[in-house]
Amino acid sequence: MGNPLKLPLLLNRKYRKPLVDNRTLRYESTRRRILQILWNGIGFGFAVVWMIPFIWVVRTAFLPKESTIGTGWSWGLTFDNLIHVWQAAPFGQFFMNTLLVCSGVLVVQLVTMTMAAYAFARVEFAGKDFLFMLFLVQIMVPPDVLIFSNYQVLNEMGLLDTKLGIMLPYFASSFGVFLLRQSFKQLPKELDEAARVEGASRLHILSRIYVPLSRPIYVSFAIVSVSFHWNDFLWPLIVTNSEDNRLLTVGLAMFAKATESGAQWSDVCAATLIVSAPLMIGFLLFQRQVIGSFMNSGIKG
Amino acid sequence: MLKQSKLTALLLLVSIMTITGCGQSNNSSEVKKEVNTAQPSTTASTPETKESKKVEITFYYPVNVGGPLTKVIDGMASTFMEQHPDIKVNPVYTGNYGDNTVKIQAGVQAKQPPDVAVMMSTELYSMLDMKAIIPLDDFIAQDTDIQMSDFYPAFLEDTQTEDTTYSIPFQRSTIVMYYNKEMFKAAGLDPEKPPVTWDELVTYAKKLNRDGHAGLEIPGNDDSYWMFQMLARQNATDPKQNIMSSDGKKAMFNSPENVEALQFWLDLSHKQKAMPEGVIDWATVPTDFIQGKTAMMMHTSGNLTNVKNNAKFEFGVAFPPAQKQFGSPTGGGNLYIFKDTSPEKQAAAWEFVKYMTAPEQAALFSSSSGYVGVRKSAYDTEAMKKYTADFPQALVARNQLEYAFRELSTHNHGKVSTAITNQIQAALAGEIDAAGALKKAQEEADQALAPFNK
């Protein structure tokens, strides 16, 4: 997406430089540099604040049990915690299940939200605004409220204790539809019309114009969706009974929910690391795309 | 263009994978079911007809102590199945007590309850109001093996209401006082003589409040009514006084003795300066004790194993001190059997309950979890004798049982317990005085219980 206007503008500025008084220029540049250093310093400070808990978790996960509680620093390094935690629950199985559920939900969500968003953005039909309002209301209902009713529906469908049962209530995302509809609406209608003149069908227009141009929205929605389902605990716990169908968070809960015995920090941290590491590695691998997409779509947190 | 088609191809691949994956998981579970149903029919042709009657029951259990206690329970279930080849138990881990209750309630509403489950003893009335559980009196009357008199009476108290028994004690605890013997020595106190009365507690705590550590910590958030119950009983003249009626229909928070009890709690930090001010967090109290930030703490006996494994100093365990009498509420979960299943399943569930609470099992469970053994004879088993010989502190919670009593348990339990918990926290935070807090809690509780007193 090269903007041809940018080139002459840049040249113009370079050409004007010598005209400016040298001293003010230097003053300007030092001022700018100081400001930049200040900003970087603040940014760095915030990054440190965000990093401290994570570093603490990683550190404690590898500390020998004796030295976790205690305020002093210790150089001990051990894999015992990780091994102990790994053996206490079938984390391998849980990991595969989580991967399957997250990707399954995401794929279906992408299809349903594309269709729905296109309909709300570009198709005219009776009661469209009212229906869209209903969709928005759905965003405000926290999913935990629906646990009982969803459970009953799944029971009637015979889907209790299946992975499909975990996924089913999330197949349509009102948040995703809302996000994508806004993005579709911003695309110029002329593109749509031009394609229709060329004889493209609706599906064709959708797949060739709308979807590719909204890629950042898709990526950012995917991150929100995957991290939500990766961390979801109560619903999967309630729907499933067998270990064949349970997710990573259930394994984590075995260590984290110890109100009667006091927290075993080294175990909790090791379990947290096991559960969150795959997501973090994924983020590091796709870092550039992820950040780029958030810049484009303007989602925060 | 090429990039895009690659992306769509990838998406397609993933979707196919997940779809086939789902299909597979469904198929495999179906296949398993088929195998299960197919097996008896093939074995039915053989002379042994017992196999064909294999009863399958589901067992929900929460775990509230960190670590692999799930393995212990699963192991107990599998030895049960070895001894009872005609019963198959599916143990299901269900998170903590709260998650466990939500899961059970969802199941009850959908007519898919577990056959047997561990649940907080305080859920008795809400389960009765949901018509979810069955009385166990018939099983008890017909079965001589269960020996109800062998259970500690303090634990049986909350299994019963109006002369009917609805559950069997399983993972139980009480409040005990932990103290740091080294800090006792440093403060010139005899480490073998922990405080026995409230007055002693105050003088000890004041002496121990030095060198940058607190004298005493009592947790005040979450279920602070538990600690309040303890203080209220200790300050009561009537040896059977509790903060609710035994039929669960009346709360009795606001009495002069209870106000004194709460005032004593507040004074420990505000007047005597022996305890940190404000609401002290439940989970950080044991960590504070282990790190040496407090010399004494009141906490659940469930913490014994944690303190034993992590404290680097000698520590003692004692009864929480008495004002007019000793006292501690019990806590923890019992085994319940559910309605809406077949009589065969309920009978199998009873067998399982009986097995899980038999002396050997109770001893094994107590020694591997830190919970109190629920039966007297559990302490006569070899395993328990060895455990308590190595770790005599574990006996304190058991010895205290003669002074122990029922945890706050009423109809509409959520609202009633929240009312008292919130007001206690407000009082600890200094927003309201003791008398005002209990008056308000009483009003809220009366309102919540009004429908049950018509």
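Does Gly282(A) count as buried, partly exposed or exposed, and what is its relative accessibility? Read on through the views of this predicted model to find out.

**View 1. Gly282(A) sits in helix H14 of chain A.** Helix H14 covers residues 265–285; helices here are DSSP runs of H or I with at least four residues, strands are DSSP runs of E with at least two, and both are numbered from the N terminus. Gly282(A) counts as partly exposed because its relative accessibility is 22%. For the cut-offs, buried means under 20% relative accessible area, exposed means over 50%, and partly exposed is in between, using a 1.4 Å probe and protein chains only. Pick out Ala119(A) too: it is 163 residues away from Gly282(A) in sequence, and 33 Å away in space, C-alpha to C-alpha.

**View 2. Chain A has 15 helices and 0 strands.** Of its 301 residues, 38% count as buried. Take the contacts (heavy atoms within 4.5 Å) between residues of chain A at least 6 apart in sequence: 74% of them join residues at least 24 apart. Chain A exposes about 18300 Å², with 68% of that coming from carbon and sulfur atoms; the area is from the Shrake-Rupley method with a 1.4 Å probe.

**View 3. Strand E3 of chain B is mostly covered.** Strand E1(B), residues 55–61, runs parallel to E3(B) and is joined to it by 2 bridges; two strands pair if DSSP finds at least two bridges between them. Look for Tyr60(B) opposite Ala117(B). Strand E9(B), residues 328–337, runs antiparallel to E3(B), with 5 bridges joining them, and here Val118(B) stands opposite Leu335(B).

**View 4. Domain 1 of chain B meets domain 2 of chain B.** The bounds, from an automatic or database assignment, are 2–31 + 49–172 + 332–393 for domain 1 and 173–330 + 407–452 for domain 2. Here 19 residues of domain 1 are in contact with 22 residues of domain 2. The two domains bury about 1700 Å² between them, 51% of it on carbon and sulfur atoms; buried area is the accessible area (1.4 Å probe) that two parts lose on being put together, summed over both. Thr122(B), Tyr125(B) and Gln393(B) supply 35% of the area that domain 1 buries against domain 2, more than any other three residues.

**Notes.** Residues are numbered from 1 along each chain as its sequence is written, and chains are lettered from A and ligands numbered from 1 in the order in which they are written. Local features need pLDDT of at least 70, side-chain atom pairs count only at pLDDT 80 or more, totals for chains, interfaces and linings use all residues, and side-chain values use heavy atoms, with hydrogens and water left out.
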